[in-house]
Each structure stands twice: as C-alpha cells, then as structure tokens.
Amino acid sequence: TAVPFQYAFAQMVWIMLSFFSVLIVPLGCALCLEVHKSVFYTFLILFPYWSIHFIATEIEMQFGGDPNDLPLDAINTRFNSTLSILLKPG
C-alpha cells in the first residue's frame, strides 16, 4: 500500500499479541491453582484475541487468489452486464 503505517501497525499488533500470549500463561498459572482451570482460562482469553487478529488480516487482504478471497472476475462480469442492460434503449 501507499501508506507504510499499516505494515508497521500490523507488525506491532502481532508483537503485542505474542508478548501477551507469553505473559498470560504464567499469570494464569499463578492465579489458578488447578492446572486444568489454568489451561482453560488461558485458552479462553487468548483464542478470541488471535481469532480477531487473523480475521482482520484476512479482511485487510480480501483481493487475491486465496479460497476465502472475493471472486473479482465474477463480480466484474456481473457488474458490466448490469451496466450494459442500463445502456440499452427502450
């Protein structure tokens, strides 16, 4: 992109999430005395943050060749056929 801030911002978010992931594990162990609860609560805290991060990454790069990307060729063909219908007289 033309704005280099987006790349730096994305890298900073990734670094902060990694840092948070490393810190939350000992914190969860210190707050919960039972191992099963600690693992469950740590997963419960970390999973939504990483999910939102990966969803935002996919939304940021929505045009491309991945299976989740938008079908630009089909959208463009449909849009052009709609425009050609509007241009026909009568």
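Cys-29 belongs to helix α1, and in this predicted model it counts as partly exposed, because its relative accessibility is 47% and so lies between the limits of 20% and 50%. Although Cys-29 and Val-39 are 10 residues apart along the chain, their C-alpha atoms are separated by 8.1 Å. Cys-29 is also one of the residues in contact with Ser-38, together with Gly-28 and Cys-32, when the neighbours of Ser-38 within four places in sequence are left aside.

Ser-38 itself is found in helix α2, and with a relative accessibility of 5% it counts as buried. The backbone oxygen of Ser-38 lies 2.7 Å from a polar atom of the side chain of Thr-42, a residue that is likewise found in helix α2, which comprises residues 35–60. Thr-42 is buried as well, its relative accessible area being 10%, and, not counting residues up to four places away in sequence, it touches Ile-24, Val-25 and Gly-28.

The buried residues of α2 are Ser-38, Thr-42, Leu-46, Trp-50 and His-53. In an α-helix there are 3.6 residues a turn, so residues three or four places apart point the same way. As for the overall length of α2, its 26 residues should span 38 Å at 1.5 Å a residue, and the end C-alpha atoms are 37 Å apart, which agrees with that expectation.

The loop between α1 and α2 is the place of Leu-33, and this residue counts as exposed because its relative accessibility of 82% is over 50%. On the side of α1, which covers residues 5–31, Met-16 lies within the helix and counts as partly exposed at 47% relative accessibility. Met-16 is also part of a nonpolar surface patch of about 420 Å², made by Met-12, Trp-14, Ile-15 and Met-16.

| Residue pair | Distance along the chain | C-alpha separation |
|---|---|---|
| Cys-29 and Val-39 | 10 residues | 8.1 Å |
| Leu-33 and Ser-51 | 18 residues | 27 Å |
| Thr-42 and Lys-88 | 46 residues | 61 Å |

Key
Residues numbered from 1 in each chain as written. Predicted model: local features only at pLDDT ≥ 70, side-chain atom pairs only at ≥ 80, totals over all residues. Heavy atoms only, no water. Helix = DSSP H or I, 4+ residues; strand = E, 2+ residues; numbered from the N terminus. Buried < 20%, exposed > 50% of the residue type's maximum accessible area, 1.4 Å probe, protein only. Polar contact = N/O pair within 3.5 Å; in protein donor to acceptor, adjacent residues only side chain to side chain. Contact = heavy atoms within 4.5 Å. Patch = residues over 30% accessible without salt bridge, like charges linked within 9 Å, V, L, I, M, F, W, Y side chains within 5 Å. Areas by Shrake-Rupley, 256 points an atom, 1.4 Å probe, with all protein chains shown as cover. Salt bridge = Lys/Arg side-chain N within 4 Å of Asp/Glu carboxyl O. Expected span 1.5 Å × (residues − 1).
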